[in-house]
Structure formats: structure tokens, C-alpha cells
Amino acid sequence: MISVSELERSYRRSRTSLTGPRPEVHALRGVSFDIERGQRFGIVGESGSGKSTLVRLLAALDRPTSGSITFQGRRIDDLPERRLGFLRSQVQIVFQDPMGSLDPRMRVRDIISEPLGRRPGRRERVRELLDAVGLPADASERYPHQFSGGQRQRISLARALAPRPSVLLADEAVSALDVLVRKQILDLIAELVERYELTLVFVSHDLGVVRRVCDTVAVMRAGEIVELGPVDEVYDDPKHPYTRELIAAAPNLAAALAGLEEE
Amino acid sequence: MTRNLSLLAGVVLVGLVVGTALVSFGWTPHDPLLVDASVRLLGPSGEFVFGTDKLGRDVASQLMVGARTTLYVGVVAVGIAAVVGTPLGIAAGMGARWLGELIMRVNDLVLAFPALLLAIMLGAVYGASTLTATIAIGIATVPSFARIARAGTLQVMSTEYVLAARAGGRSRWWIALRHVLPNISGLVLVQSSVSFAIAVLAEAALSFLGFGTAPPTPSWGRMLQESQELLAVEPRLALIPGAAIAVAVLGFNLLGDGLRDRFDPRLEVRR
Amino acid sequence: MSLLSVEGLGIAAGSLPLVEDVSFTIAPGERVGLIGASGSGKSLTASAVMGLLPEGLTPAGSVRFGERELLGASERELSRLRGKNIAMVFQEPMSALNPSMRVGRQVAEAMSLHGTRDRRGAKAAAVELLGRVRLPEPERTARAYPHQLSGGQRQRVVLAIALANDPALLICDEPTTALDVTVQARVLEVINEGVRDHGSALLFITHDLAVVATMCERVLVMNEGRIVESGSTRDVLGSPKHEYTARLLEASA
Ligand SMILES: Nc1ncnc2c1ncn2[C@@H]1O[C@H](COP(=O)(O)OP(=O)(O)O)[C@@H](O)[C@H]1O
Ligand SMILES: Nc1ncnc2c1ncn2[C@@H]1O[C@H](COP(=O)(O)OP(=O)(O)O)[C@@H](O)[C@H]1O
Ligand SMILES: [Mg+2]
Ligand SMILES: [Mg+2]
């Protein structure tokens, strides 16, 4: 479905001194992987490891410095915007910030129907989508600030599903939510992926969260993938020291409670 | 609390100027242009509230009609600046890098060119009038709108809802009209109010120097100019239009401050 | 003798109650967790203890710190306590720091403000404190501005400021929610050491049960403005009595 090869992306920072070259940040340094249709592909790593950069490249919202990305066998990394039409309905994104990812001046119905253009039957589609993400039909006339963080992520999900995509990219989609809401949204994502037979790319800094929705995981550090494999295998038997560090750092309720019992 | 206060004070002062101008269309105590040598340089009285000038014209009536000139200049100059500057700023923020650079360099050039000089040049070619002064002020104000619009556009373009719109296949035009423009409208409104105050002051200055409103049309700047020779004997003739200018400038500045506090999300109370 | 005792605390916005009948105590050196979903009233409770409720919200009941009643105390009296006897760490470290002042000076000012140290001593002590919260190269970090530091480093600076005067009570309101797991682990360790070395009591607010289980010996569970369950961490999280606590646990597993 998606195939990434030797992907690199560097950013030029603004000058720190008058003389000398502008420093470069290598956000991605040679990333390669394949994602099969229907796969639920997780990407973990701490902030700054290049996860969001990778997501933007997969959605063709940015161009790599070098390397290639193919989508259903077609190269997308060097296509001009006007020839990306086929991808625009196929690949959709949900972001982390429940407030920043919805235009505060648009009504929910306009937000959700935005990717639909002038297609007929928009209203019915909006109603259908609100129902699919578990929001009441009267939500469509309201504005984003009238919703809680979890509800806003539902609105983002509805917008992403509107053009009937085949791939859903989720960039830290539950990281800003508290435990109860996080569980609801994770369950919803899993359900939607199942129902609409989506291929999922799910990004998080928390391996525990990735484990709940993904079957495969890539561990990123400083722009490189250091480990890639089935999620349970990586979690139960990490090969790379950095993966071990990530697992150890994640607060673990069972372990903490076990620790308390012993006292 | 203070933010609402400055908004309120701004609305009251601006309302005073606008109200005066509106009333002057239907009624003024006297004909503001009527020259009458028998009533020259009278002090304030029941009949002439602010007295008369050296030609015997009623100062209060001139002041009222002058408010019209002031508002006309403000509205037209700010209108020109906003209508030209805002799209330029959006284009600079959304377009290719070279386009943005080009627009901002030209912008700097205009900014470095004094409005006064522009007004003198326009006046020399077309004859000094309220209109030439207004156009000069309008052109000189374009850069402030372009700048604020560009800053706002860059911020909106970095949001995730714009990324989502792009991922949904939306064109640049759509993003500019549906996302950028509505979200920078608050900034533009604030800039309008502040620029209005500057325009009012600039018109007064240009008229004072003789490059703006020509006689006999009443304008606060011209009243100030005509009071000059009698400053020592009749300071009243300078103080009254001076106070009117101060009220209008203060009013629009306070309005701008009040609006800024309402629209600037960084100052929003944390919940 | 309890250090902090909150009794029948209520907070209302006009006629709308946001927090109701909240009572708890914290003994000197004790570490208490306050957990609950977002919007349950945790931050408001902490703000009421600090006397920092937003305008328009009115508290009722009693908040005693040692012998002193804090509700209704004068702003002067409160500001003498704040930062010295009671210190607070917020979720968003950037908003707690002055963007235009070097972080070393901010830590030093926290000390000289309350007369804990004179100006010269404060400067040296600030560097030492920055080292104690495990910031790399404390002398250099002291000269940095907040925007030059990462989120986790900023939060450690905030913590250094909070610990500057050996507060008897440290309140942390979701101090690691904005941070990555790896960074979170390091910051939690630093908080742990900090309160231990300074002998401070801790009120730790979070929605993460695993975090509270590693940090606190006692927990209070808050839901819709009320405390629905409290007790030792082991009892509450090991065998929850309240349905809401059970749901939190299930979602966290
Ligand atoms: N637009 C940009 N300009 C400059 N540097 C950037 C930009 N976007 C990301 N970076 C840098 O690239 C690196 C990777 O960032 P990012 O992909 O956002 O990581 P993550 O999503 O894993 O936190 C970071 O060092 C970041 O500072
Ligand atoms: N200044 C305020 N005015 C009115 N309501 C408020 C204010 N601050 C918070 N609230 C409301 O009080 C409730 C509790 O808020 P808070 O203490 O911040 O929750 P928590 O910290 O547990 O997430 C929320 O429903 C919130 O909307
Ligand atoms: Mg990211
Ligand atoms: Mg809170």
C-alpha cells in the first residue's frame, strides 16, 4: 500500500550567528519500511524524533530532501499538487491538538464537509459521520469551542473519514486526552478502522498506547528507525537498548501496584 | 476590567465624533461658511457656543462640519490601506517564498517614503485637496496592513486545520478565503482602528501645512492653521480644534486597544 | 498535627457549584495524590489552597495551613506564604517562566524575594539547585533563556524555583502531562528526590494512575467536583470501592 525508501528530510534552521553556514536539522535520516493494506502500523519515539515529519511526508504535505514514497505503486514524493488529487481523498490525517486542528470560526458541519467539496448529498454524509463517531446530530450547527477535548477529536475523525479514505494517519491523536477519554477515542479508532477497512498509521510517544491499537510498530530515534516488528514481539522482547529504555520509562500501573503490595 | 473600560471609552469618544458629524448634515447652529465682519473674534456666548473666528464664522458649526472631513479621510484612507494591504499580506504569507520577499521589500520601500512627501507630490500634480491628502495617507498606510496580515497569515498557515484542509485536497484560494481571512479579520480590525487615529492626525497635519483640505471646506487641521497668527491673542481658536483632534485620536486608539484585547488570543483568560 | 487541612471546601461560579464539600488533610512530609478525569475540579482545588482562584470564582469552607486560615486571608499574607511555605508547579512550564529573564536569575530571585538568601548567596545557590534537579551543565543552563530549553528542562527549572525556599508543601498540577514518557520519568524522579531532600509534603495532581502509584502513599479520587474515594494508594487502587475509581483503573490497565 505504502512503501517508503531511504527517506531523508532536513530543515534549515535560521542563523544563530552572522557568519558560518545555517545549521541543518536532519529530521529524518534514511527511513525505509512498507505498510500493507489493512495493517495497523504504529510509530513511537520521543518528541523531536521525526514522527510528525514522517506523517507529513506520507500525506504529501511536504517533500523529502531525498528518498522515495510510493502509494499503491505510484510515486508521490515528486508529484505537483495538481496531480495529487487521487491521494487527497485516499489519505487523511488526525492531529494531536484538539483545539488547533479545528478552525475556531467554522461550524462543525462545514469542518466535516470541508474535504467533500461540492459533492451532492453532503448534509446526509455529515449526519452519517456524526453518528459514526458518536456525536449527536445537532452538533453540526455548533462551533469547536463548545466541545470538550474528546469530542473535538471525534469531530476531527469525522472530517478525516468524510472522503472515504483508505488510509488514516493519526499523529499523537490521543496524547492530549485524559485516561478515560483516551480509552474511548482509542476504542473508537479501532472500531472505525475495522468498520471501514482502513489502513492505520498511528503515531505516539507512548508505546503502551500504540500497543493497544497497532499490530506492527516502528521505534524511531533521532530520525532513524531503530527497531521494527510485530508490536507484541517488540514489547515483550525488545532488541534495541532504546526500545528497552522507552518501555522502562512508561509508567506501568501493574508494576507500580505490585511494588506497593510488597511493602 | 481595564480592557472593557478602554473599549467603552473608545466607543464613547468615537461615537461623539460620529454623532457630531451626522448631526451636522441636518443642523448646525449657524452656517459654518458665513462670513460676517460684524461678529469677528467674539468669545463664547449663548449664540456662539465656542465663539467666532477672525472672519466672524461660527467655530462650533465649523467644528461640526470638520468632523465630517475627519471621518471621510479616516474611512477612505483606511479603506484603501485595508483593501490593498490585507490581500498583499495574505499573498506574501501564502505565496511562494520569492513572492513574499518581493512584497515585503516593496512594503519596506513604501514605509520609508514619508506620507507628507507623497501628499506634496500628489498635491502638486492634481492640486492639493482632501482627496489627494487622503489617497497619500491611504497609500502610506498600506504597509502596516500588509505586515499585520502577513504575520497573521503565517500563523494560520502553520495550524493543523490548514494542514487538514490541504490533506482534504482544498485549493489555496479556498484556504485563503475560508481559513485565513476569517481568522485574521480581528487583527485587521484592530489595525484599522489604530490606523484611523494616525490618518486623522495626518490629515490635520497636512491641512495645517496647506497640502490637504483647501478653503473654504472646514477641517480641524485647517482651523488650527488659521488660528496660528492669532495664537497670542486668541488661543481659544487653536485649543478648540486641537481638543477635537485629541478626542478623535484618543477615541480610535482606545477602541483599537480594547479590540486588541478582545481579539488577541494570547491575552485570553486561562480556563 | 496536620500541615494542611481542607474542610468542606466549595467553589462556585455564581450559583453554579464547581467543587463541593471537599475535605482532606496532609501531614508534614506526606505525599498525597489527587486523581480524576479532566474537568473534575482538581486544578480549582489546588488554586483555592494557593489563594489563586480565577476572578469570578468564590470559595467557601476552610483551608488551614498549620494554624493559619487561608480562605479570606489578605493578599499580602498569602503572597508571603506563596513560594516560601507553599509552592506550586503547573502543567505548562513555559507560562510559569518569564520569557525575557535568564533562568538562573529567576531561581535566584525566588530566594532573595523571600529573604531566604542574600543576593550573592542566591546566585550561587541557584546554580547548585539547577544541578540538583539534574539539569546538565548548571552554570551554562543558568544563563539560558526559557525558550532555549526543552519542555522537560523547563519543567525542572520550574521545580527548582518551587523548591528554592524549602517549602513545607509542594503542589504539582499535572507537571508531566505535557511531556514525553522518557522525559516524564526523569522529571518524576527529580520531584521525588526534591521533596525527600527538602522534607516537603506533596500534593500531586494527575489523571495517570500509574504515576500516582509510583509517587504517592495516599490518594484522593475526585469526580464531578467531589471526592468520591480516599485512602492509601494500595487500598484504593488495589481494591477500589467506588465505581468511578474502578472505571479509571480499567481505562488505565
Ligand atoms: N518546519 C520545521 N522547521 C525546522 N525544523 C523543524 C520543522 N519541523 C520539524 N523540525 C525539526 O525536525 C525534528 C523532528 O521534528 P518532528 O517531526 O516534529 O518530531 P516529532 O513529531 O517526533 O516530535 C525536530 O528537531 C524539529 O525541531
Ligand atoms: N474560571 C472559571 N469559570 C468557570 N468555570 C470554570 C473556571 N475554571 C474552571 N472551571 C470549570 O470548573 C471545572 C473544574 O475545572 P478544573 O479544576 O480545571 O478541572 P481539572 O483540573 O480536574 O481538569 C471544569 O468544568 C471547568 O470548566
Ligand atoms: Mg510530533
Ligand atoms: Mg487541571
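Let's begin in chain A, where four strands form an open sheet in the order β2-β1-β4-β5, paired antiparallel. The edges belong to β2 (24-35) and β5 (74-75) of chain A, and each has a single partner strand, so one side of each is left without a neighbour in the sheet. Keep in mind as you look around that this is a predicted model.

Now turn to chain B and a pair of helices. The axes of α2 (residues 59-94) and α3 (residues 97-112) of chain B come within 7 Å and cross at roughly 140°, and the crossing of α2(B) past α3(B) is left-handed. From α2(B), the contact draws on Leu88(B), Ala91(B) and Ala92(B), while α3(B) supplies Leu99(B), Gly100(B), Ile103(B) and Met104(B). Six of these contact residues are nonpolar, one is polar and none is charged.

Finally, let's see where chains A and C meet. Chain A brings 22 residues to the contact and chain C brings 28. About 2200 Å² is buried between them, with carbon and sulfur atoms giving 65% of that area. On the chain A side, Val179(A), Leu180(A) and Leu253(A) lose the most area to chain C, together 27% of what that side buries. One salt bridge is found across this interface: the side chains of Lys183(A) and Glu250(C) meet at 3.7 Å, N to O.

Definitions and conventions
Residues numbered from 1 in each chain as written. Chains lettered and ligands numbered in written order. Predicted model: local features only at pLDDT ≥ 70, side-chain atom pairs only at ≥ 80, totals over all residues. Heavy atoms only, no water. Pairing = 2+ DSSP bridges. Helix = DSSP H or I, 4+ residues; strand = E, 2+ residues; numbered from the N terminus. Axes fitted to C-alpha atoms, helices over the stretch in contact; angles between N-to-C directions. Left-handed = near helix turned anticlockwise from the far one by under 90°. Contact = heavy atoms within 4.5 Å. Nonpolar A, V, L, I, M, F, W, Y, C, P; charged D, E, K, R; others polar. Buried area = accessible area lost by both parts, 1.4 Å probe. Salt bridge = Lys/Arg side-chain N within 4 Å of Asp/Glu carboxyl O.
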